[in-house]
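Take a look at the sequence and the structure below. The paragraphs that follow walk through a few selected sites.

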Amino acid sequence: MLTISQQPMKYVGGALVPGAGDPSKTIAAPILAAHNVNPDPGRLSVTFDAMASHDITYVGIIQTARASGMTQFPLPYVLTNCHNSLCAVGGTINEDDHRFGLSAAQKYGGEFVPAHQAVIHSYMRERYAAPGKMILGSDSHTRYGAYGTIAVGEGGPELARQLLRKTYDLARPKIIAVYLTGVPRPGVGPQDVALALIAATFKGGVVKNALLEFFGPGVASLSMDYRCGIDVMTTETACWSSVWQTDERTLEALTLLGRGEEYKELSPVDGAGYDAAVELDLSAVEPMIALPFHPSNAYSIKEFKTNAADLLHQVDVAAKEQLGVQNAPSLLSKLTPEGFRVDQGVIAGCSGGTYQNLKRAAEILKGASTGADAFWLSCYPGSMPINLELTRKGYLADLMAAGCSIRSCFCGPCFGAGDVPANGAFSIRHSTRNFPNREGSKPADGQISYVALMDARSIAATAKNGGLLTAADELPDIPADAPDESWAYDDSAYNARVYYGVGRPKPETELIFGPNIADWPEQIPLPENLLLTCCAAIYDEVTTTDELIPSGETSSYRSNPLRLAEFTLSRKCPDYVAKAKEVQALEKLRRENPNAPEVREVLGSNGNCDPATTGLGSFVMALKPGDGSAREQAASCQRVLGGCANLAEDYATKRYRSNVVNWGMLPLICPDLAELELKPGDRLYLPGIRALLEGDGDTIDALFFQSEPDGLTVKQTQLSLPGLTREERDIILSGCLINYYK
């Protein structure tokens with residue numbers, strides 16, 4: 001079904017063969033070249049054609065850019081309102097953010113998409129994605145590769161840089177071919193293909209921070225919706241971005257969207273060279289299920305049914321170890337003589353809420369019933385044009401008649417702000433992630449629910465069987481997915497509600513601030529030396545951004561840095577905030593009175609440090625932090641609480657490491673970190689850290705002071721800061737990106 005070649009591969013005569021080829025002949029190379037201004041062949045400095053943010057992120061981005069001197073949006077910038085759409089948490093604060101966003105679009109010349117109109121990525125596919133373009137979004141699932149667009153999801157500071165007319169800088173990524181052959185079987189959808197790809201690549205880091213290039217004879221068998229459904233999930237492989245070959249289907253889709261003139265044919269040129277390759281036979285993919293708590297924990301549904309007891313036991317163990325919930329409801333209780341019982345189904349968002357997915361679900365459920373027992377199904381179209389077409393064709397009526405709830409164009413179920421399952425419930429979702437707590441449960445309150453990822457087709461098949469887990473290909477006469485399955489695009493809903501202000505700023509417009517919208521607190525430059533206290537030590541194999549700063553209702557507070565910071569690591573390390581605040585208070589005292597007894601006691605007992613030149617701060621230790629969302633708050637909340645560093649064996653994604661740097665924290669690396677056996681309260685001394693960053697050094701001889709029952713143990717260890725650019729060094733030296741641009 002899927003083979004991986006981790007050696008150079010060359011495209012010759014329509015096939016991939018081992019050997020070195022010419023990387024300039026790939027699909028990606030000319031797109032990158034057209035947007036790159038850096039002459040260094042090993043680096044990229046990119047400017048983008050357009051940007052997009054949603055209502056969790058755009059307030060902070062605009063506030064950062066304003067504080068750094070922005071006077072107008074220098075490129076098309078789309079502000080969507082698809083995350084905090086329900087306005088159900090914190091009184092007026094969500095709608096206050098929306099009013100701020102509209103006033104900002106008017107003042108600075110942007111595009112504002114009101115709540116319930118479209119999911120961010122559905123909108124950008126419909127309105128902006130086209131062959132040869134590059135788009136930046138403040139959401140990790142910014143992927144428009146199926147349209148021939150290299151789209152990148154990053155933290156807010158990277159978007160602020162574009163608003164300040166700066167470049168997006170990175171090492172030139174590896175380009176990895178994804179060569180598709182075959183035709184998907186009836187009942188196998190894009191989520192099934194995506195989960196097979198994620199399962200094969202994520203855990204080994206096979207495509208981490210690489211650019212995936214999709215081509216091959218199998219592409220022609222896929223509709224644009226199908227391609228987009230695979231493409232958007234490439235984020236979960238930990239790749240940097242993606243791009244696909246284009247063809248008559250791409251042209252047809254752009255023409256239907258009213259943008260046919262933007263079409264360009266993209267295809268690798270004979271002799272194109274790739275750093276590695278993944279070859280995937282679409283005809284061999286089966287209906288899949290990704291069990292909690294990661295999209296890579298994926299199996300065929302057939303395999304799951306055969307080994308359900310063992311696999312569910314593993315989930316029970318993970319729930320106890322990762323979430324710390326003792327005596328959680330066991331999923332083994334859902335195994336019945338009839339099969340595995342599911343409590344909830346959701347088809348939603350940028351991956352699930354496409355026209356083809358919901359049409360297929362409606363065809364499967366037409367004339368059936370989801371039943372009157374515990375199971376229930378919600379469907380969220382990705383945009384109002386999709387909603388309109390599904391309504392006109394009667395597919396929404398078929399879904400409703402079967403017992404499904406039809407919701408608005410909203411991302412909520414993907415991150416815990418809508419359709420939160422009951423305690424102990426098992427939800428199957430065609431959405432993007434099933435990380436711990438991402439469905440909205442609160443383990444600190446003894447709650448836990450479980451999400452598995454599945455394709456809309458198998459979710460509908462399960463709904464047809466009243467919640468008994470069923471693969472779509474188990475049903476007779478399952479509808480097939482046609483490659484030419486287009487739909488009539490009607491953007492009248494957008495024309496009635498969207499504010500189109502790109503290129504037409506109105507500087508006289510006053511920004512509208514709600515009481516929750518606050519400026520970023522001031523950060524100080526990097527001191528000469530640092531003595532840092534470990535306030536969280538996480539030994540999980542991977543730590544997600546959802547664990548660093550929870551999603552769900554906490555997202556409503558993301559326009560207020562101090563208020564949001566109260567939730568930092570709340571579901572992973574509930575005492576983190578209190579510990580970090582203690583250190584932060586001591587640092588404040590040091591700056592006011594370096595000779596205070598409390599300050600001298602700490603600095604004297606941990607290396608006899610000079611209080612005039614040694615700053616006090618906190619750090620988070622995690623083996624591999626930052627998988628998942630691009631949200632900058634995973635790093636900024638640590639900084640707001642006095643954080644100065646992350647200490648890791650590796651960083652799960654480039655975007656999280658970038659967030660750490662842009663918020664003035666040190667992205668420290670220690671290859672044998674687990675062997676140090678750090679625990680909260682241990683301290684790390686970094687002598688001469690400012691001088692190191694002012695120069696070009698990337699290693700530092702650090703001291704760890706660890707409290708043991710028999711006294712204080714001192715360990716000397718060399719830590720590294722690999723790959724820091726001159727600008728990244730200067731950002732950390734300044735204290736954060738805002739300070740750097742000021």
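**A walk through selected sites**

Leu-676 is buried, at a relative accessible area of 9%. Buried here means under 20% relative accessible area, exposed over 50%, and partly exposed in between, with a 1.4 Å probe and protein chains only. The model is predicted, so local features need pLDDT of at least 70, side-chain atom pairs count only at pLDDT 80 or more, and totals for chains, interfaces and linings use all residues. Residues are numbered from 1 along each chain as its sequence is written, and side-chain values use heavy atoms, leaving out hydrogens and water.

Leu-676 belongs to helix α24 (residues 673-676). Helices (H or I, at least four residues) and strands (E, at least two) are DSSP runs, numbered from the N terminus. What does Leu-676 touch, leaving aside its neighbours within four places in sequence? It is in contact with Cys-670, Phe-704, Gln-706, Lys-715 and Thr-717. Contact means heavy atoms within 4.5 Å. Ile-700 is 24 residues from Leu-676 in sequence and 16 Å from it in space, C-alpha to C-alpha.

Now move to a loop. Ser-629 sits between β29 (625-627) and α22 (633-640). Ser-629 is buried as well, with a relative accessible area of 9%. Neighbours within four places in sequence aside, Ser-629 is in contact with Ser-140, Arg-433, Thr-545 and Arg-655. Glu-279 and Ser-629 are 350 residues apart in sequence, and their C-alpha atoms are 27 Å apart in space.

Next comes helix α26 (residues 726-734). Its buried residues are Glu-728, Arg-729, Ile-731, Ile-732, Leu-733 and Ser-734. They pack against α5 (156-163), α23 (654-662), β31 (666-669), α25 (689-694) and α27 (737-741). Gly-735 follows α26, and its phi is positive, near 110°.

Last, a helix pair. The axes of α6 (residues 190-201) and α7 (residues 224-231) come within 8 Å and cross at roughly 30°. That angle makes α6 roughly parallel to α7. Angles under 35 degrees count as roughly parallel, over 145 as roughly antiparallel, 65 to 115 as roughly perpendicular and the rest as oblique. Axes are lines fitted to C-alpha atoms, for helices over the stretch in contact, and angles run from 0 to 180 degrees between N-to-C directions. From α6, the contact uses Pro-190, Val-193 and Ala-194; from α7, Tyr-226, Gly-229 and Ile-230.
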